[in-house]
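User: I would like to learn how the terms for a protein structure follow from its values. Can we go through some of them?

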Amino acid sequence: MTAEQLISFARGAPSLDIVDVAGLKAAATRAFDTDPSGITAYGTSVGYPPLREWIARKHGVTSDQVLVTNGSLQADAFLFDHLVKPGDPVVVERPTYDRTLLNLQQQGGQVYQVPVEPDGVDTAELRKLLESGVRPKLAHIIPNYQNPAGVTLSLDKRHELLDLAAEYGFTIFEDDPYADIRFRGEPLPSMLSLDRRDLVVHASSFTKTVCPGVRVGYLVGAPDLIAAIAKRATNLYISPGMVSEAIVHQFCVSGDIDRSIATVSAALGERARVLAEALRRHLPEARFTEPDGGYFLWIELPEDVHVDDLAPAAAERKVAVVKGSDFVLDGGQHALRLAFSAVTAEQIEEGVRRLADAVHSVRDASAR
């Protein structure tokens, strides 16, 4: 590897070597052969009906509880538009996905961030916030391999959140695109599956299990909520992309989805392990929780390492990172999100070595 090559820990996207291109090509052929009229027409705002039914079976719900969208970010936007009005309080994790923060702020929501611990959002802090009088419309939670922190919400905290939602009357938005990409430990039940009181709206995506290019996500919720959002979707675009949704459907019913998940999970598990080992070796002062799945690892650096200085120093060494300050309303000046999904093991080792060199240069400069 030459020093000139860019090594990017910035983008949460899979590398091409773990995308089942052949399987997708075969699924596309089957989709056109099986239902040419269905996938070349406008379709319906709730999505390609066979895929909608497959998703419903996966989650143990009825199909009228599912809305298939152009990616899960659009599912988020639909829900925020439906539930959050200007000035409405909303709860998110700290740190959280940067586009969630942006979308809720653009919606006019009054955003409260609750810290994330190694076992997920701090439910004790959330209870204090609620007891102080804040009454959120929703709490946005990424329960599995959280973006950006990489942590997983414990089973006890899943139950606590459901109880708090029932007690204080807010919706839990379970944003769960990483759930299937698990490479350590046992899977935990979704809050959707634990919910008996229509407290949870669940979103997920095929971006992480198939590929980002299909742009297929979905929302699962109470039938009346889904019906209301579907009306908005009809006015917005008549229907989402039937071709991509039909390809995903064929990919799923053939069993290719299970093989793809196994391939992606094995590859990312190896990359996460190599990244954690490289950080312990080259940056022993960095603090992090090693993820059990997903795409991301969050590191906290010493107080004398400011990411506004570190990011350009890393870029000079051909390493791309994302500053922790992008994922919080304030703070995050000593943290980074590292995505390991699109880098090989060899690149990870070299990238962390370069990043450590950048850290040392920043610390040396601040000591002068």
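Predicted model: local features only at pLDDT ≥ 70, side-chain atom pairs only at ≥ 80, totals over all residues.

User: Why is Phe 173 called buried?

Analyst: Phe 173 has a relative accessible area of 0%. Buried means under 20%, so Phe 173 is buried. This residue is found in strand S7.

User: Which residues does Phe 173 touch, leaving out those up to four places away in sequence?

Analyst: Among them are Leu 138, Ala 139, His 140 and Ile 141. Others in the list include Asp 76, Phe 80, Val 201 and Leu 219.

User: How far is Phe 173 from His 159?

Analyst: They are 14 residues apart in sequence, and their C-alpha atoms are 14 Å apart in space.

User: How do you know that S6 and S7 pair?

Analyst: Two strands pair if there are at least two bridges between them. S6 and strand S7 (residues 171-175) have four bridges, so they pair, and the sense is parallel. In this pairing Leu 138 stands opposite Thr 171.

User: What makes S3 and S6 a pair?

Analyst: Strand S3 (residues 89-94) and S6 share three bridges, in the parallel sense. The cut-off is at least two bridges, so S3 and S6 count as paired. Here Val 90 is opposite Leu 138.

User: Which way do the side chains of S6 point?

Analyst: Leu 138 and His 140 point one way, while Ala 139 and Ile 141 point the other way. All of these are buried. In a regular strand the side chains alternate between the two faces of the sheet.

User: What is the order of the strands in the sheet?

Analyst: The open sheet has eight strands in the order S2-S9-S8-S7-S6-S3-S4-S5, with mixed pairing.

User: Why are S2 and S5 called edge strands?

Analyst: Strand S2 (66-69) and strand S5 (120-121) each pair on one side only.

Note on methods
Residues numbered from 1 in each chain as written. Heavy atoms only, no water. Buried < 20%, exposed > 50% of the residue type's maximum accessible area, 1.4 Å probe, protein only. Contact = heavy atoms within 4.5 Å.
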